Amino acid sequence: MMDNLDPKELDLLERIGKKPELQPLFFRRVSGLKWFRPLDEAGYFDFSKLPEPTSAKKEGYITIPYWPILSYLQKCAEEITDETDNYFGTRISEIVTGATDFAKAKDFGNYHAWRVFAEILHLLPSKFLSNDAVAAIDYWLSDKYESSLVSGEIGRNLVPKLLAEDASESHDIALQICGVLFDPVFVTESRAGKDHTDVKLRLDAHDAEKITGKVGIALGRVLGQQGVAVFEVKLIETLCKLGNDSWSSIWQPAIEDHEQNKYRDDAENILVRGYREAISGFIETDPQAAAVYLDSILDSKHGTLVRVAIHAIGEYFEFFTDRLGKLRSEHFFGVNYHHEMWHFLNQRYTFLVATQRQSFLEIIGDLRVLDDDGNVREGATAFQRARWLAAIKEFGEKELNLYQDAVTKAGTEPEHPDFLRYTSSGFVVDVSPYEIDELQSWSVSELVKKLIEFVPSKRWNEPGIRGLSTSLKKAIKVNPIKYSDDLKEFLELDLAYVHSVIEAFRELWSEKAQLPWSEIWSSLFKFILSLIKEDDFWSDANAKSREEFTANSHWVVGSLATLIEAGCKSDKHTFPMEFNGLAEEILAILLAREPGEEFSTDSDAVSVAINSPRGKCLEALINLTLRACRLENNANAGSHDRTWNHFQGYYEAELVRSSANEYEFATLVTNYLPNFLYMSREWVIKNLPRIFEQDDYLRWLCAMQGYSYVGSVYQEIYAFLRDHGDLLRALDDSNLKLRIEDRVVQQIVVAYINDFEALEEEGSLLQLLIDRKDFEELKQLVWFFWTLRKGDDANLKQKALVLWPVLLNSADTRTIEGRQLVSTLAQWIVFIDKIDAISDPLLRAVAPFADESYNSYHLLEGLARLSDEQPFEVNAIWQEMLAENTPDYPEEAVRQILSNLVEKGREGIREARQTVSMYLSNGVERPAKLLNELFDLVTE
């Protein structure tokens, strides 16, 4: 047996029994389950040997002794698998819970033991965890001296492990542990004669934010509403105990992660984050059930939960398009819901139908601010409306006009309209020691001297470097010519001021200010080169983030790149071509010295790339290259080979850097793929294997994210990505699926429409997509195909009619998802011009399920159109739909179909009455009323 010890080992065991001082060293070094039984039989695992805290030499302090056997037990746990004799796992679990019970009975703690026990529970196969283990965890988290190490281990490792397993027992244990882990602890104390209640979590504040997000989304994904309930219950308990629900917009200004959330470590904020992430996970795995749940939360009396629901509906809008009725209420335009509703409108207004848009406009138009006597305060009312209209002013001429009218009446434009309260924190204040007029009164040299001598205050709301740098920018913009010839004077200044100088001229250029730009660009380029050629600019001190939230060298690099990009992006507004060389020289220096941003597997790669200083430099280089190519094209009748050959080396070097953990170019080269194809199709095609390098996983993630934003499908690129396995891999990759799944499906659809992809060919991604039977993918396929509809596109219609029966055959209507997929196909009636032998069975197949996902509206609209020529054929399909559901909206479509039947005389009237009877048998009367109205018209 493996626990049989040889004579030498037995001798060692005897010696440590006689000399306890040897035991700590022995247990640190010994390993292997063969020692376990002998040590157990010798009593080393006796619970009573768990050491209690002792008084330290220094008065008022205690020492927590380390139990020597912990090291060995942890090593044993690492060896135990499901195939190992159950004795070991069971016994170790008993030691963990038994020692805890012993400590609990004697009312002491030992956080060394609790930490190791937590790690042991993570290492042991889950079958050895029990309710006793949950009770033990509960006690460890209550240790008055230290519990952060335990909470970190439990939250980071044990709970995710249990949720990742495919066993309901593991999930139940995880749920119980989370109930303990996120249990709020309330402490009431007297302050100024009043009782005040504070709350904290047992999680370590340092880890809480990250752990809560990770655990929250896993709970939602795996356990759905049951997982969401963990945070819902704890959050409601906390809100009720603290009594702060009605003003959650104060302590949690934004439900999403935002710089305005100043109290991220407070218990209530952590619970909001967990609740938010759990809902996200729930939506990702079961959007239909999540939609029903969130619909109920909108009726909750707890405003904080409602805010989270509004946020989730905005983030996952595609799942809630049919459940927006409740949001169209003035109730949700109240103070506490302002931020979430504002962003919902800002992000999703463009996707709303006309009636929904009009409802929101009417609500905004009815908003009033009243004085104490109940009279309307016109200015305040206009300002309140302007806040809301600011969210939607970009989405229509009507909305813009309403916004401008509100701003005019208010007398001012709202700043940060998505927040009713927007605060700065720390020492970031925009207070300047000098007025703009005063700054302008000095000569450039006097101004520079004043800026150098200024010592910022460290007190709140007093003059600071940020305020002065902001005033400097405004002063330069008022009279830029005064400063443009003496820019070299600013070289010795703090980078906060240098940044303001650059930004002043960048804004003036963007505003197309009427200035002698040729001379100004000349001065700017000389100034910039002098600045970045100094080693001091690139020093570690200049690169550090600053407490005042003011510019460092990275800010300046980003600003310089943005300035150059603005100067060459548009041929209608560009610096003279004679400065192209200077711009290139500057960008070459910046790219050589500016490091890349940190990317991770969960990064939004495009966002990181375009916002990082290095990414901005690359965008500027790309736009400069494009500008030079266009100039050569114009001069050489379409050829720009010389220009590309000149710039190619930069991009070759960037491909190399992309292999060295700098991923901006890996992202941007695919994001700008159409531009690179213009500059050199040959270079792109040749380098596709390097651009979409799969061996470097993070680089490939970045490349695929960048490519997902490309609006066109290029046959050569598509063929490569299909044959190289990139598109299919992206659909299956957990870090990409939710980010770009829709775009990959859309690429496949476009390829099919353009004959880059065919159903019948070997390796067809479209056929593979259908065979996968992934509901979300197929739903996206159907929806996107529908969005491409054009009345006269015969090819698109033919492609739809070929694909339609294939999708029907793949749908299992015995399942909810299968019925919903068939329902979405009802939208495709727009591709049918005539009911015939091909289209009739297709429409009959979808009609009974049209209302499953609220697509009866589309089907009735289409049937009404077709009924003008084929009223009887349409009525037959209509009755197929009524066999399962009785939708009577849109009313005009119902009226039109009935009217076309009535016009056909006796037979048509008989069929119309038969259809109306189907409605009446289900208690729906409106179609009957419409038919009677038609009879009245005929009689008249």
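Contact here means heavy atoms within 4.5 Å. The model is predicted.

The buried set consists of His-338, His-339, Glu-340, Met-341, Trp-342, His-343, Phe-344, Leu-345 and Arg-348. These residues pack against helix H15 (303-315), helix H17 (354-366) and helix H18 (378-389). Phe-344 also belongs to an aromatic cluster, in which ring pairs link it with Phe-317, Phe-333, Phe-351, Phe-360 and Trp-388.

Aromatic pairs were searched for across the whole structure, and 49 were found. One of them joins Phe-26 and Phe-27 in an edge-to-face arrangement, with 5.1 Å between the centres and 75° between the planes. Phe-26 has a relative accessible area of 7%. For Phe-27 the value is 0%. Both fall under the 20% cut-off, so Phe-26 and Phe-27 count as buried. Tyr-651 and Phe-665 form a stacked pair, because their planes meet at 25°, under the 30 degrees required, and their ring centres are 6.0 Å apart. This pair links distant parts of the chain. Tyr-651 lies in helix H31 (residues 641-657) and Phe-665 in helix H32 (residues 664-671), 14 residues apart. Tyr-651 and Phe-665 are buried.

Arginine side chains were found over tryptophan rings. The charged end of Arg-729 sits over the ring of Trp-700, at 4.1 Å from the centre of that ring. Arg-789 lies over the face of Trp-786, and here the distance to the ring centre is 3.8 Å.

Helix packing was examined next. Helix H7 (residues 131-140) packs with helix H9 (residues 168-181) at an angle of about 20°, and the axes are 10 Å apart. The angle is under 35 degrees, so H7 and H9 are roughly parallel to each other. Their crossing is right-handed. On the H7 side, the meeting residues are Asn-131, Val-134, Ile-137 and Asp-138. H9 contributes Ile-173, Gln-176, Ile-177 and Val-180. An α-helix has 3.6 residues a turn, so residues three or four places apart point the same way.

Helix H28 (residues 580-593) and helix H30 (residues 613-635) pack at an angle of about 150°, with 10 Å between their axes. This angle is over 145 degrees, so H28 and H30 are roughly antiparallel to each other. They cross in a left-handed sense. From H28, the residues involved are Asn-580, Ala-583, Glu-584, Leu-587, Leu-590 and Leu-591. Their partners in H30 include Arg-614, Cys-617, Leu-618, Ala-620, Leu-621 and Leu-624. Arg-627, Ala-628 and Leu-631 of H30 also take part.

Pro-848 is located in the loop between H42 and helix H43 (856-867). Its relative accessible area is 17%, under the 20% cut-off, so Pro-848 is buried. Beyond neighbours within four places in sequence, Pro-848 is in contact with Glu-880, Met-881, Glu-884 and Asn-885. The C-alpha atom of Pro-848 is separated by 9.0 Å from that of Trp-878, a residue 30 residues apart from Pro-848 along the chain.

Technical notes:
Residues are numbered from 1 along each chain as its sequence is written. This is a predicted model: local features need pLDDT of at least 70, side-chain atom pairs count only at pLDDT 80 or more; totals for chains, interfaces and linings use all residues. Side-chain values use heavy atoms; hydrogens and water are left out. Rings of Phe, Tyr and Trp (its six-membered ring) pair if their centres lie within 6.5 Å; planes under 30 degrees apart count as stacked, over 60 as edge-to-face and the rest as tilted. Buried means under 20% relative accessible area, exposed over 50%, partly exposed in between (1.4 Å probe, protein chains only). Helices (H or I, at least four residues) and strands (E, at least two) are DSSP runs, numbered from the N terminus. A charge sits over a ring if NZ of Lys or CZ of Arg is within 6 Å of the ring centre and within 35 degrees of the ring normal. Axes are lines fitted to C-alpha atoms, for helices over the stretch in contact, and angles run from 0 to 180 degrees between N-to-C directions. Angles under 35 degrees count as roughly parallel, over 145 as roughly antiparallel, 65 to 115 as roughly perpendicular and the rest as oblique. A crossing is left-handed if the near helix is turned anticlockwise from the far one by less than a right angle, and right-handed if clockwise.
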